[in-house]
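This briefing is meant for a reader who is meeting the structure for the first time. Please keep the sequence and the 3D view at hand while reading the points below.

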Amino acid sequence: MPEPALTELLYGKGAHASSIACVEGLPLDLASRQVPGFPHSIWQILFHLNYWIDYDLRRIRGERPPYPDHAAESWPQNPTPADEAEWRQEVSRFTALLGDVATLANAGPERLKQEVEGMHPAHGRQSSSTLAVLWQTVVHNSYHLGQIAMLRRALGAWPPPGGGDTW
């Protein structure tokens with residue numbers, strides 16, 4: 001049975017803004033601007049999201065990616081990408097990775113029940129079926145997309161062109 005709630009949350013249903021709308025149409029100068037009181041730029045948050053989505057998809061595929069030694073490895077040090085092309089590439093990568101998550105969310109029950117090998121001791125203390133890892137991905141995305149929405153508001157760039165809650 002597919003998991004429609006996963007795809008609804010990935011693409012913005014209910015209380016969730018569209019994940020893609022949160023980053024599309026954002027110019028590089030705003031994506032890389034640091035807002036006082038916030039530790040990361042939108043660019044850094046998007047890079048971090050892509051890092052972990054890709055990591056978990058690789059785990060689900062059985063590739064056994066090494067778990068990073070430090071959390072800092074999943075964040076770019078520079079708040080600014082090298083250029084506009086790198087920013088656009090990261091946005092495109094995000095869209096593609098969400099598509100991969102949605103495809104898995106719509107897989108059959110046998111695929112969703114498959115166990116995913118843990119790559120860190122903490123993985124052994126939590127459910128690690130494909131479905132559980134996808135839910136963890138969606139929740140992680142939701143947390144950081146909320147940060148992006150707040151940064152966009154602080155930068156005067158909310159709602160995004162694709163729409164978003166404003167109340």
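What pattern does the protein chain follow when it is read along the sequence? In this predicted model, the protein chain follows the pattern α-α-α-α-α-α-α along its sequence, and its secondary structure comes to seven helices and zero strands. The radius of gyration of the protein chain is 16 Å, close to the 15 Å that the globule rule gives for 167 residues, so the chain is as compact as a globular protein of that length.

**Overall dimensions and packing**

- Taken along the principal axes, the box filled by the C-alpha atoms of the protein chain is roughly 45 × 35 × 25 Å.
- When contacts between residues at least 6 apart in the sequence of the protein chain are considered, 74% of them join residues at least 24 apart.

**Aromatic pairs in helix α4**

- A search of the whole structure finds five aromatic pairs, and one of them is formed by W43 and F47, whose ring centres are 5.9 Å apart and whose planes stand at 55 degrees, so that this pair is tilted.
- Because W43 and F47 are four residues apart in helix α4, which covers residues 42-60, they are separated by about one helical turn.
- W43 is buried, with a relative accessible area of 3%, whereas F47 is partly exposed, with a relative accessible area of 25%.
- W52 and Y55 also form an aromatic pair, and this one is edge-to-face, with 5.0 Å from centre to centre and 70 degrees between the planes.
- Because W52 and Y55 are three residues apart in helix α4, these two residues are likewise separated by about one helical turn.
- W52 is buried at a relative accessible area of 15%, and Y55 counts as buried too, with a relative accessibility of 3%.
- Both W52 and Y55 belong to one aromatic cluster, which they form together with Y51 and Y67.

- T7 has its place in helix α1, which runs over residues 4-11, and at 16% relative accessibility T7 counts as buried.
- With residues up to four places away in sequence again not counted, T7 touches A102, A105 and N106.

Note on methods:
Residues numbered from 1 in each chain as written. Predicted model: local features only at pLDDT ≥ 70, side-chain atom pairs only at ≥ 80, totals over all residues. Heavy atoms only, no water. Rg over C-alpha atoms; globule rule 2.2 N^0.38 Å. Contact = heavy atoms within 4.5 Å. Phe/Tyr/Trp six-rings, centres within 6.5 Å; stacked < 30°, edge-to-face > 60°. Buried < 20%, exposed > 50% of the residue type's maximum accessible area, 1.4 Å probe, protein only.
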